[in-house]
Amino acid sequence: MRLAIAGKGGTGKTTIAGTLARVLARSAAPRQVLAIDADTNPNLASVLGIAPQQAQAIVGLPRSLMERRTREDGTTHVVFGADPESVLREYGAIGPDAVRLMVMGKVGHGGAG
Amino acid sequence: MCSAHATVRGFLGELVARADNDRHVIVDMEAGLEHLSRGTGRHLSRLVAVLEPYYRSMETARNVVALSAELGIDDVVVVANKVRDAADRDAIAEFCAAHGMRLVGEVPFDPTLTQAERQGGAPIDLVPGSPAVMAITRLADVLTA
């Protein structure tokens, strides 16, 4: 199941997304639930029950994960060059019911542009 | 495209495309769906537009549904949140019917949830038996079916 939840800020979409993640994690175990916070004002961690200290420790994805590649016709394009699983392990957090959280809004401002 | 945005877009695409039988993925997104590329959209099983019973929120949801279609997401549904009474329910049902939006469930307005959110924790831990948490639990079956 690959579900996206969207809506106007303040509609409670994050409450629904986070609670759904926890409910699914309990019913679908041992299948893992990955909750992705793609909001620019990330607060999914709190709804998932991740402690503020742990949430604050989540670091942004470095931009250096993107690689510029050259196509056969000589034009270039930018692709995600890293192994997603190792990025998840390194930058994600694990919350109650073993829900894994990845915060996308926190992209680092440092690193190769 | 700025590279921060490209990073998020690229990584989200990888994660969604790779999710399979041993992992569920839930993405919490802004109404603009900025981080969704067409490719990622096609890999989504379903998109849920959440709306509240007031005009601007319903209009935003209508826009989300339209954007989703443009992104090639086949299965787009609507969930009503913070529903207080029959008038709210009717207003939402009417709006969805008028715009061809598929309403699949509702979560009631729930003051106990507001209280839990003030404390800053998971509603499912703080108020597990609350009407809103119970409704979301039922919704899980509908949304993952």
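Chain A contains four helices and six strands. Helices here are DSSP runs of H or I with at least four residues, strands are runs of E with at least two, and both are numbered from the N terminus. Along the sequence of chain A, the elements come in the pattern β-α-β-α-α-β-β-α-β-β. The C-alpha atoms of this chain fill a box of roughly 50 × 30 × 30 Å along the principal axes.

This is a predicted model: local features need pLDDT of at least 70, side-chain atom pairs count only at pLDDT 80 or more, and totals for chains, interfaces and linings use all residues. Residues are numbered from 1 along each chain as its sequence is written, while chains are lettered from A and ligands numbered from 1 in the order in which they are written. The model scores ipTM 0.94 and pTM 0.91. For chain B the mean pLDDT is 91, and 97% of its residues reach 70 or more. The pLDDT is the predictor's confidence in each residue, on a scale from 0 to 100. Where pLDDT is low, the predicted coordinates should not be read in detail.

Stay with chain A for a moment. Of its 113 residues, 44% count as buried. Buried means that 20 or more other C-beta atoms lie within 10 Å of a residue's own; exposed means 12 or fewer, and partly exposed is in between, with C-beta atoms placed from the backbone. Contacts say how the chain folds back on itself. Two residues are in contact if their C-beta atoms, placed from the backbone, lie within 7 Å. Among the contacts in chain A with a separation of 6 or more, 63% join residues 24 or more positions apart.

Now bring in the partner chain. In all, 58 residues of chain B are in contact with 52 residues of chain A. Several elements of chain B supply at least two residues each to the side that touches chain A, including β1 (23–30), β2 (46–51), α3 (55–70) and α7 (131–144). The largest share of that side, 12 residues, comes from α1(B). By class, the side of chain B that touches chain A has 33 nonpolar, 14 polar and 11 charged residues. Here Ala, Val, Leu, Ile, Met, Phe, Trp, Tyr, Cys and Pro count as nonpolar, Asp, Glu, Lys and Arg as charged, and the others, Gly among them, as polar.

Eight strands form it, in the order β5(A)-β6(A)-β2(A)-β1(B)-β1(A)-β2(B)-β3(B)-β4(B). The sheet is open, and its pairing is mixed. At the edges stand β5 (93–94) of chain A and β4 (103–108) of chain B; each has a single partner strand, so one side of each is left without a neighbour in the sheet. Two strands pair if DSSP finds at least two bridges between them.

Strand β2 (residues 32–37) of chain A runs parallel to β1(B), joined by six bridges. There, Leu34(A) stands opposite Val25(B). Next, β1(A) and β1(B) pair in the parallel sense over six bridges. Ala6(A) has bridge partners in both strands: Met29(B) in β1(B) and Ala49(B) in β2(B). Ala4(A) is bridged to Leu47(B) in β2(B). As for β1(B), six of its eight residues are buried.

Helices pack on this sheet. One is α1(A), which touches β1 and β2 of chain A together with β1, β2, β3 and β4 of chain B. The direction of α1(A) makes about 175 degrees with that of β1(B). Axes are lines fitted to C-alpha atoms, for helices over the stretch in contact, and angles run from 0 to 180 degrees between N-to-C directions. Another helix, α3(B), lies across β1 of chain A together with β2 and β3 of chain B, at about 165 degrees to β2(B).

Helix α1 (residues 13–28) of chain A also meets α7(B), at an angle of about 70 degrees and with the axes 9 Å apart. That makes α1(A) roughly perpendicular to α7(B); the term covers 65 to 115 degrees, while angles under 35 count as roughly parallel, over 145 as roughly antiparallel and the rest as oblique. The contact of α1(A) with α7(B) has nine nonpolar, three polar and no charged residues. Among them are Leu20(A) and Val23(A) from α1(A), and Ile136(B) and Leu143(B) from α7(B).

Two residues close the tour. Asp97(A) is not a glycine, yet has a positive phi of about 60 degrees. Asp97(A) sits in the loop between β5 and β6 (100–103) of chain A. Lys82(B), also not a glycine, has a positive phi of about 60 degrees, and its place is in strand β3 of chain B. Lys82(B) counts as buried because it has 23 C-beta neighbours inside 10 Å, whereas Asp97(A), with 19, counts as partly exposed.
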